[in-house]
Amino acid sequence: MSYPHTLPVLYLNPLEHGGKKYIRIWHKANPLLSKRLKEAPWIRYSKTYKCFVMHLASTAIEKLHQHVQGLAKVDTKYLHKAQRLRPAHGAIILQQGKAQIEPLKKGPALPVVRLQPLKHQDNALVQLSFQYHKDIYARLRHSKVARWLPEAQCFVTSADSGSLGTLLTEMAPVAQLWLAQTMQVKDMALQARLWEQTHLKEAGYIPCPLVYLEKLFLLNYSLNTIRTYHSLLHRFINAHKDSGLASINAFSEEAINLYHRYMVQAGTYSTSFVNQSINAVKFYYQRVLQRHEMQLNQVERPEKPERLPQVLSKQEVAKILAATENLKHRCLLQLLYAGGLRIGEVINLKITDVQSARNLLLIRGGKGKKDRTTLLSQRLLESLRAYYKAYKPKEWLFEGQFGGQYSVESIRNVFKLTMEKAGIKTKATPHTLRHSFATHLLEQGTDLRYIQTLLGHKSSKTTEIYTHITTYAMDKIKSPLDTL
């Protein structure tokens with residue numbers, strides 16, 4: 001289990017003594033944390049094992065969570081280690097119909113109304129942008145919460161959850177509401193409705209429990225993680241909707257194991273998807289329903305194949321950049337490659353994050369909510385200066401056609417079209433430019449520790465993957481066949 005914070009972690013291990021089961025608690029040296037554990041009446045320090053111990057009970061684990069809240073995180077991943085499912089053994093063929101492959105059916109595709117922030121006379125409003133559609137226009141004209149704003153020549157609504165909730169209900173038959181990336185919704189009930197608006201609400205349909213989302217939100221999980229966990233638990237619950245939520249909440253470990261085993265055997269889901277589903281369901285049972293006895297130690301996690309990242313050659317990168325005639329698009333792709341940025345980090349850049357005096361790019365709130373700095377190429381800086389003069393962005397370094405943040409989908413489309421124009425046949429995504437950045441630095445002789453820092457990797461093991469794909473010094477190694 002990974003956490004979105006940098007708080008110290010308490011690890012729990014199983015311990016047997018005198019025929020009874022206990023939990024061994026260990027952590028890195030931290031006097032404040034040790035003091036807090038000594039204050040807990042259900043925890044004692046064992047001189048025999050030289051560690052803190054407590055009884056193996058769900059109530060004890062939940063009390064520990066509450067006792068160290070804000071000071072440390074409790075990690076139970078070592079308490080009951082999951083088995084690994086290997087192709088050679090352990091597979092059971094399930095009957096067709098045990099679980100639906102896709103339990104959540106999508107409704108018909110509807111036009112999109114895009115919501116983005118709008119400042120008007122010191123008031124925070126929400127602008128409604130859409131391609132003209134007579135049904136959408138008619139609904140907005142008769143809306144209880146939307147109005148036409150002549151000064152901005154658009155429909156607007158108030159920036160509160162009540163207004164947006166009403167608008168969502170009014171527009172449901174004719175359009176879907178999409179949030180701009182700069183829109184932050186802290187009302188989890190509204191956020192869940194927005195995420196679930198594309199699904200058909202058939203008989204027995206169960207919305208994702210609100211308490212689940214609120215727990216994730218209160219524990220400061222990122223919105224991306226909350227959205228992923230929401231979709232996976234939502235899928236799990238509706239795969240068993242005939243049982244009803246009360247019965248689902250009382251499921252055994254084996255019922256959950258069967259669901260995920262079916263996903264593995266279907267062969268249509270990645271190992272990451274299955275593992276994330278296990279984690280999402282486990283969080284629901286342990287942290288929301290407080291069923292800490294539900295360790296899911298019988299859930300057989302598939303082994304993740306060790307695949308090397310795809311990398312473009314320097315010549316291929318040069319072709320891609322040369323094929324990009326649009327100045328904004330070229331700057332976007334140059335940034336991905338020149339600084340090793342993730343696609344989300346590019347769209348989150350503000351004008352002030354380009355620190356030309358220090359030849360640095362400031363990346364705020366990268367993966368894991370970490371800030372870092374990376375290289376600012378002189379060639380990129382020249383392109384950015386020309387771009388700024390031509391486009392004059394107001395807040396974000398890259399803004400959309402109608403203002404606001406540039407979208408992830410737009411960058412993907414730009415990259416795809418540029419690849420086709422450049423005639424590059426290598427299978428690649430915008431993230432491939434980040435892999436190429438790291439590999440090319442390594443081939444230039446850059447120390448792996450510096451590359452780790454520039455990429456924002458927490459562990460050096462993550463960065464070491466690039467040593468397996470670099471051609472650095474390979475030309476100096478001869479095959480034994482050539483020496484015969």
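Trainee: Quick one to start: what counts as a disulfide here?
Mentor: A disulfide is a pair of cysteine sulfur atoms within 2.5 Å.

Trainee: And how many disulfides does the count come to?
Mentor: Zero, by that rule. Bear in mind that this is a predicted model.

Trainee: Okay, cysteines then. Is C51 buried or exposed?
Mentor: C51 counts as buried, because its relative accessibility is 4%. C208 is buried too, at 7% relative accessibility.

Trainee: Switching topic: what is the mean pLDDT of the chain?
Mentor: The mean is 84, and 87% of the residues reach 70 or more.

Trainee: Where does pLDDT stay under 50?
Mentor: Over residues 84-100, where the model has 25 contacts beyond four places in sequence. Where pLDDT is low, the predicted coordinates should not be read in detail.

Trainee: What about R412 and E409?
Mentor: Their side chains meet in a salt bridge, 3.7 Å from N to O. Both sit in helix α15, and they are separated by about one helical turn because they are three residues apart.

Trainee: And R342, which residue does it bridge to?
Mentor: E345, with the closest N and O atoms 2.6 Å apart. Both R342 and E345 are buried.

Note on methods: Residues numbered from 1 in each chain as written. Predicted model: local features only at pLDDT ≥ 70, side-chain atom pairs only at ≥ 80, totals over all residues. Heavy atoms only, no water. pLDDT = per-residue confidence, 0-100. Contact = heavy atoms within 4.5 Å. Buried < 20%, exposed > 50% of the residue type's maximum accessible area, 1.4 Å probe, protein only. Salt bridge = Lys/Arg side-chain N within 4 Å of Asp/Glu carboxyl O. Helix = DSSP H or I, 4+ residues; strand = E, 2+ residues; numbered from the N terminus.
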